[in-house]
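Subject: Structure handover

Hello,

Here is the structure for you to look over. My notes follow below it.

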Amino acid sequence: DRSVSRGLGDVYKRQASIVSYHHRVSEIKQVIDCVLAGPVEKLYVIDNSSDDRLRELECISDRVHYIHSVNRGYGAGHNIAIQEAIDLGATYHVVVNPDIYFESGVLEKLVSFMNLHKDVGQIMPKVYYPNGDLQYLCKLIPTPLDLIFKRFIPSSIVEKRMLKFQLRFTKYNKIMNVPYLSGCFMFFRISALQDIGLFDERFFMYPEDIDITRRMHEKYLTIFFPEVSIVHAHAAASKTNKRMLKIHIFNMIKYFNKWGWLFDLKRRNINKRVLEELRK
């Protein structure tokens with residue numbers, strides 16, 4: 001298992017985590033295989049399910065560490081693994097969704113980039129849907145209109161705003177310093193996490209990636225790295241499931257209560273600077 005890490009430094013320095021909730025082994029096996037094929041010493045599977053049937057995943061490799069946990073949310077689950085990574089002296093930790101997969105070499109290239117750029121606290125590759133369409137996951141820090149009210153307004157009205165919010169004018173073909181990167185794949189520098197703090201556990205689901213990338217971006221570079229890519233079978237459950245929509249809106253309200261609704265000077269200044277830099 002450890003041979004995959006040769007030439008990339010200390011094998012004990014890179015760890016990863018997946019948070020699962022009533023996934024079948026067949027659903028989660030693909031991403032586990034992808035992670036274990038890369039330079040990762042330990043992969044934590046944090047299982048928020050009501051039972052521990054996924055414990056059998058530990059049979060896949062001695063690098064898989066299964067933890068059955070009370071379901072306190074997505075970010076809280078990953079915090080369990082990140083704290084263990086900190087305690088073990090890890091350098092990097094990658095947070096991955098159960099519904100992603102990628103080819104060999106992706107993690108190695110991200111590690112190499114992070115090794116060369118010590119001012120980068122977080123990095124994300126280009127992300128595609130399974131049909132090959134690009135996912136627009138590089139975004140400005142959102143306003144309430146971008147995340148909540150747009151759901152109840154005709155798309156034709158907000159389309160122009162979304163083009164700017166999702167930074168589509170950049171064509172997603174260059175390395176960019178972006179203040180909001182998707183939580184489906186978050187490659188962190190551990191020392192930076194120790195500086196800014198882990199996932200805010202007040203958020204059960206959804207805005208935890210906005211919050212942590214924003215905090216990271218204030219002190220470090222948060223990089224979109226299109227030289228490698230992953231596939232994300234995004235289900236967008238909150239668009240079709242009323243219960244998930246309720247959870248989504250409730251947690252977004254918590255997010256804006258924390259950072260500000262209409263008046264958020266940091267948001268305005270960061271977004272202005274990002275747009276100016278990307279339009280040069």
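Start with helix 5, residues 155–165: V158, M162 and F165 are buried there. Buried means under 20% relative accessible area, exposed over 50%, partly exposed in between, with a 1.4 Å probe and protein chains only. Helices (H or I, at least four residues) and strands (E, at least two) are DSSP runs, numbered from the N terminus.

What do the buried residues of helix 5 pack against? Their partners are strand 7 (138–139), helix 4 (144–147) and strand 9 (180–181). Contact here means heavy atoms within 4.5 Å. Just after helix 5, L167 has a positive phi of about 55 degrees.

This is a predicted model: local features need pLDDT of at least 70, side-chain atom pairs count only at pLDDT 80 or more, and totals for chains, interfaces and linings use all residues. Residues are numbered from 1 along each chain as its sequence is written, and side-chain values use heavy atoms, with hydrogens and water left out.

Next, the rings. A search of the whole structure gives nine aromatic pairs. Rings of Phe, Tyr and Trp (its six-membered ring) pair if their centres lie within 6.5 Å; planes under 30 degrees apart count as stacked, over 60 as edge-to-face and the rest as tilted.

One of the pairs is F102 with F185, edge-to-face at 6.1 Å centre to centre and 85 degrees between the planes. It links distant parts of the chain, 83 residues apart. F102 is in the loop between strand 5 (100–101) and helix 3 (106–116), while F185 is in strand 10 (residues 185–189). Both F102 and F185 are buried.

Y255 and F256 also form an edge-to-face pair, at 5.0 Å centre to centre and 80 degrees between the planes. Y255 is buried at 1% relative accessible area, and F256 at 0%. Ring pairs join F203, Y255, F256 and W261 into a cluster.

Finally, the whole chain. It has nine helices and eleven strands. Of its 280 residues, 54% count as buried. Along the principal axes, the C-alpha trace spans about 50 × 40 × 35 Å. Residues 24 or more positions apart make up 76% of the contacts with a separation of 6 or more.

Best wishes
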